Amino acid sequence: MKQCWRWFGPEDPIGLSDLHQVGVEGIVTALHNIPPGETWDREAISERQSVLHADGYAWDVVESLPVSEAIKTQTKRMADHIAAYKASLYALAAQDVKVVCYNFMPILDWTRTSLRAKQAHGGAAMLFDLVDFAVFDLHILERAAGVDDYPVDVLDAAQERFYEMSDSAKKTLQNNITAGLPGANDSWSVEDVRSLLETYTGITPKRLRTNLIDFLSEVAPVAQSLGLRLCCHPDDPPFSLLGLPRVMSNSDDYAAVLAAVNLPANGATLCTGSLGVAENFDGPAFVRRHGPRIHFAHLRNTTRIMGSDPNKPNFFEAAHLDGDTDMVGTVLALLAEQKRRKADGRIDWEIPMRPDHGQELLNDLGGHSTPGYPLIGRMRGLAELRGIMAAGTYNQGANLK
Ligand code: DNO
C-alpha cells in the first residue's frame, strides 16, 4: 500500500520536508479554505501541488472534497453546489489528482467529546463518551426531542454532570463537538446547529440514503469518465447523533450504495477506526466484500467501553495495533486485494493508506499538535502498520514460489 500522511496545508504545524524521515510516500490534503459548495479551480489546486512538489511529494488523495448541507438535504442551492462539485472534479482530473474522499454525515463530521484524555501510559487519546455527548445535546443545545434518544441512566448522569461542570468545561465540550475537528467540513455555533437541525425535519435514513444516491448518480459518472475514484468515508461514530440519520455506518450500507450506482468510480474509504466502533465490524470481511471498490484506507483502532446503550458505546482511540479491530487481518486482506488487482492488470492496484489519527505521545503532549494528528503518535502508528505490510508482502512473495 502507498504509505500516505494527512497534511492540512501550509498552516499544518508539521512540516512537509520532515515527513521523508518518517518514511511517508504520499500526501493526503485538501483546500480547507474553500467552503463546501464552491468550486476548486485548477489554479488553486496547482498552487497546492507546487508546495508539495517543492518538498518532493505529490497530491495523492483529496480528503475531503466536501459535500454541502444543501446537497445532503436537497434544498435550494443544491443544483449550484452539484455543478461546483463536478467542476472541481474536472479541475482535479486536469491536474492529475485521482482519488477523492468525501463523507455524507449530516451537520457534524467526526465527533469526540474529549480530545486529549490522559492514558495510563502517560500519553493522551481522543474519546467519545455518551454521557458527555448527552450533556451537550440536552443541556447546552437544549434539543427537546433528545430525551427520547438516551437510556434513563444516561439522562440522569448527564443532568448530574451538567450541574457539576464548570463554565469553561461546558465551553470546551461544546467546541469539541461543534467547532469542527481538524479536516471537518464546517464549524458551527450552537445557534447554527439548532437551525440546521430543522432542515433535517422529515429526512429519514431512507430519504438521506436516496439523497446520497441522487448525488452519486450525478457525480460518479463524471468521475468515471475522468478516470477519478470517489470514496465515501464512513460515519464517525457509526451511529445516529442529535437524532440525525446516518447512512454509511456498516458494511451493508456500503453494499447498498455501491450497488445503487454501480461504477468503479463510486467507491469506499475503509476507515477501520470509524466502522470498528460497532461490535459486529469485521475488517477482513469488509475487505473481502468490497475490496475492488476500496480506493483509500484509514487505518486506526478504537477500544469500546460499553455503557447502557449497546448501539452507542463509548470508545477511545487505542494505539494502532491495540483496540477491538483486527488490524493485522485487515491489512493482510488489503494486501491480498492488491495482489488480485495486479493479477487483473488494474493500474490502480496500489491502495493509498494513511495511519489515521494517533495518540499524543512524548513531545506531542502539551497541546501543540492538531487534535488527533500528532507527529509521534502517527509515526508510531505508521511504523507498526509498515511492519505488518512488510511481513505480509514477504509472505505473499513466499507463497508465489
Ligand atoms: C477525521 C477524518 C474525517 C474525514 C472526513 C472525510 O479524522 O477521518 O474528518 O476526513 O469525514 O470526508
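For sorting residues I count Ala, Val, Leu, Ile, Met, Phe, Trp, Tyr, Cys and Pro as nonpolar, Asp, Glu, Lys and Arg as charged, and the others, Gly among them, as polar. With that, the shell around the ligand divides into 5 nonpolar, 5 polar and 4 charged residues. I keep in mind that this is a predicted model.

**Ligand site.** I looked up where the ligand sits: it is in the largest cavity. Of the 14 residues around it, Glu 63, Ser 64, Asn 103, His 357 and Tyr 373 come nearest. Strand β4 (residues 99–103) gives the largest share of the shell, 3 residues.

Next I checked side-chain N or O atoms against ligand oxygen. Glu 63 has one at 2.4 Å from a ligand oxygen. For Asn 103 the distance is 2.9 Å. For Asp 109 I read 3.0 Å. The ligand taken alone exposes 330 Å², and the protein buries 100% of that.

**Cis peptides.** Glu 63 came up again: a cis peptide bond joins Glu 63 and Ser 64, with omega about -5 degrees. Ser 64 lies in the loop between β3 (59–63) and α3 (69–73). I noted another cis bond between Asp 236 and Pro 237, omega about 0 degrees. Pro 237 is in the loop between β7 (229–233) and α10 (251–260).

**Positive phi.** Arg 77 is not a glycine, yet its phi is positive, about 85 degrees. I found Arg 77 in the loop between α3 and α4 (78–94). Ile 107 has a positive phi too, near 60 degrees. The loop between β4 and β5 (114–118) holds Ile 107. Is Ile 107 buried or exposed? Ile 107 counts as buried because its relative accessibility is 4%, and the cut-off is under 20%.

Key
Residues are numbered from 1 along each chain as its sequence is written. This is a predicted model: local features need pLDDT of at least 70, side-chain atom pairs count only at pLDDT 80 or more; totals for chains, interfaces and linings use all residues. Side-chain values use heavy atoms; hydrogens and water are left out. A residue is near a molecule or strand if one of its heavy atoms lies within 4 Å of it. A polar contact is a pair of N or O atoms within 3.5 Å; within protein, one must be able to donate a hydrogen and the other to accept it, and residues adjacent in sequence count only if both atoms are side-chain atoms. Accessible areas come from the Shrake-Rupley method with a 1.4 Å probe; for residues, only the protein chains shown count as cover. On a 1 Å grid over the protein atoms alone, a cavity is a set of points where a 1.4 Å probe fits but cannot get out, and a pocket is an open set with protein on both sides within 12 Å along at least five of seven lines; lining residues have an atom within 4 Å of a point. A molecule sits in a cavity or pocket if more than half of its atoms lie within 2 Å of its grid points. Helices (H or I, at least four residues) and strands (E, at least two) are DSSP runs, numbered from the N terminus. Buried means under 20% relative accessible area, exposed over 50%, partly exposed in between (1.4 Å probe, protein chains only).
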